[in-house]
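Thanks, everyone. I will go through side-chain contacts, starting with charged groups and ending with rings. Please look at the model on the screen.

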Amino acid sequence: MDERAAARDLELLRAHVAGDRDAFAELFHRHRDRLWAVALRTLGDREEAADALQDALLSAHRAAARFRGDSAVTTWLHRIVVNACLDRIRRRQAHPTVPLPDGNRGEDGSGTGGLEPVAPATDHDTVLVVREALAALPLEQRAALVLVDVQGYPVAEVARILGVAEGTVKSRCARGRARLAVLLGHLRPTAVATPSTRAAPAAPITGVPGVTPGNHGPVEGVGSGSGRYRRDANQEDT
């Protein structure tokens, strides 16, 4: 993000703290595509992602006065979204219910419905397999891979978002790619199934379509100034 955009983000956040009723909504709209993409790819389910994003935005709305400016506003927002997603995954693992839907079924009550960029029909099974493989990764590895390989953030920025060293991000990505190489090895028909090739680090993830280009309208159920605050806000340095 260039300095002008970063300065505008900070200006909007300060205006929100000062009482401007529209400033936070504008701040959210500036970043909603990428925040939504991170939530969706981390959780793999539209309804869960929308709920996590709403939790995060309400937390950010409430915590804005405590923002110290030690990082960019967008880094702070992404950190809160990632933490909200990981919190939901932990709660889901502690209280399992049913397998995650793929989020792409119709509007007849058989699924969450709604618009979501998806792969062509011929690639749809592969997309689902990759999503399932991502979901099988440990939380820290999944978060790092989604941010670096799926969303394309620089390692340095991901380190700031996750609050860890750059070397930790690289290590998590390497271990995650190695796990994916085993889980997704059958998608490479020319690969020789030997222990050495199965353990080789995988290339950056390409099986999950991106969702960042363009806006398809506000995310359903996500707002900036209404509803109950579901939890205390994430601190900037957490």
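Let me start with a network: salt bridges link R8, E11 and E26. A salt bridge here is a side-chain nitrogen of Lys or Arg within 4 Å of a carboxyl oxygen of Asp or Glu. Before going on, note that this is a predicted model, in which local features need pLDDT of at least 70 and side-chain atom pairs count only at pLDDT 80 or more, while totals for chains, interfaces and linings use all residues. Residues are numbered from 1 along each chain as its sequence is written, and side-chain values use heavy atoms, with hydrogens and water left out.

By the salt-bridge rule, the count is nine. Helices are DSSP runs of H or I, at least four residues, numbered from the N terminus. E11 is partly exposed at 47% relative accessibility, and R8 is partly exposed at 27%. For these labels, buried means under 20% relative accessible area, exposed over 50%, and partly exposed in between, with a 1.4 Å probe and protein chains only.

Which residue does D9 pair with? D9 forms a salt bridge with R30, with the closest N and O atoms 2.7 Å apart. D9 is in helix α1 and R30 in helix α2 (residues 23–43), so the bridge ties together parts 21 residues apart in sequence. D9 is buried, with a relative accessible area of 1%, whereas R30 is partly exposed at 36%.

R68 and D70 also form a salt bridge, at 3.3 Å from N to O. R68 is partly exposed at 46%, and D70 is exposed at 58%.

Now the nonpolar core, meaning a set of buried Ala, Val, Leu, Ile, Met, Phe, Trp, Tyr and Cys residues joined through side-chain atoms within 4.5 Å. The largest one has 51 residues, and W76, V82, L147 and L162 touch the most other members. Helices supplying at least two residues each to this core include α1, α2, α3 (46–63) and α4 (73–94).

W76 is buried, at 1% relative accessible area. Last, the rings: R34 lies over the face of Y153, 4.1 Å from the ring centre. The criterion is NZ of Lys or CZ of Arg within 6 Å of the ring centre and within 35 degrees of the ring normal.
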